[in-house]
Amino acid sequence: MVNFNEFEDDTQINDKPSLIPDGTIVPVLVEIDRNNTIPEPVTINGETYPANLLRKSQNGGMHYIAVAYKITGGEYFKRIIWDNLNIACSGEVTDGQQKGIKFAHQKIKGLIQSHCGLSSTDKSEKAQNILANFIPGNDYFKLEGINAVVRIDFREGEMYKDKATGEMVKGKDKNSVAPWGVLRADDGEDYSKFIEFFENKPVNTQQSASQPSPQPTFSPDTDKAESEKQSIATDMPNWG
């Protein structure tokens with residue numbers, strides 16, 4: 001597991017590491033930050049989630065998973081990109097909150113596909129079974145330790161009102177991973193050249209634990225939709 005005390009926040013520039021350039025492609029290992037999580041199982045809208053998984057936002061009823069993408073190779077080896085994956089919202093849900101949940105589940109689906117060597121358009125029985133069984137019973141801890149290839153975004157800090165002074169100030173710039181920023185087998189060499197940096201082999205969810213895990217499969221698909229940024233699955237979390 002990542003020791004989160006060992007890493008500085010990349011959004012603090014000064015004498016600390018500068019931000020990773022926009023569009024940089026890197027291999028990552030997914031880790032979950034258990035600090036400040038709800039210490040007991042929590043039920044939201046009839047769905048129960050494990051203890052020490054979700055955090056609750058200070059404003060509103062959004063519950064999210066705090067994850068770290070640990071870069072496993074290349075120029076930015078060992079750097080970490082932080083991310084919050086919105087999983088569920090208690091109480092009245094706004095359109096913006098619902099959109100955030102859909103984006104998070106789209107990203108999780110991409111991470112699973114990237115880890116397992118699937119293309120974004122693979123509708124085979126094997127792909128459907130992997131997506132259907134990868135996270136059983138809301139056990140999102142299954143995401144921990146998976147490998148993926150992602151494209152880094154640069155996000156400029158937003159303006160906000162400082163509570164102490166009442167003045168508008170600019171927030172810190174930071175790196176992030178967009179929902180459409182996860183690469184899969186149909187991304188060709190941009191994806192396949194980073195497989196050597198995968199630390200854990202993908203898990204075949206249909207095999208027993210005693211059977212060997214398969215290697216990723218790579219079958220570039222030239223028919224990948226450019227409109228992926230706009231196509232967000234509405235039935236979450238049905239990864240298929």
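## Order of elements

From the N terminus on, the elements run β-β-β-β-β-β-α-α-β-β-β-β-α. That comes to three helices and 10 strands, where helices (H or I, at least four residues) and strands (E, at least two) are DSSP runs numbered from the N terminus.

This is a predicted model, in which local features need pLDDT of at least 70 and side-chain atom pairs count only at pLDDT 80 or more, while totals for chains, interfaces and linings use all residues. Residues are numbered from 1 along each chain as its sequence is written, and side-chain values use heavy atoms, with hydrogens and water left out.

## Burial

Of the 240 residues, 45% count as buried. Buried means under 20% relative accessible area, exposed over 50%, and partly exposed in between (1.4 Å probe, protein chains only).

## Salt bridges

The whole structure holds four salt bridges, each a side-chain nitrogen of Lys or Arg within 4 Å of a carboxyl oxygen of Asp or Glu. One of them joins Arg 55 to Asp 33, with the closest N and O atoms 3.0 Å apart. Arg 55 lies in strand 4 and Asp 33 in the loop between strand 1 and strand 2, so the pair ties together parts 22 residues apart in sequence. Both Arg 55 and Asp 33 are buried.

Another salt bridge is formed by Lys 107 and Asp 83, whose closest N and O atoms are 2.6 Å apart. Lys 107 belongs to helix 1 and Asp 83 to strand 6, so this pair ties together parts 24 residues apart in sequence. Both Lys 107 and Asp 83 are buried.
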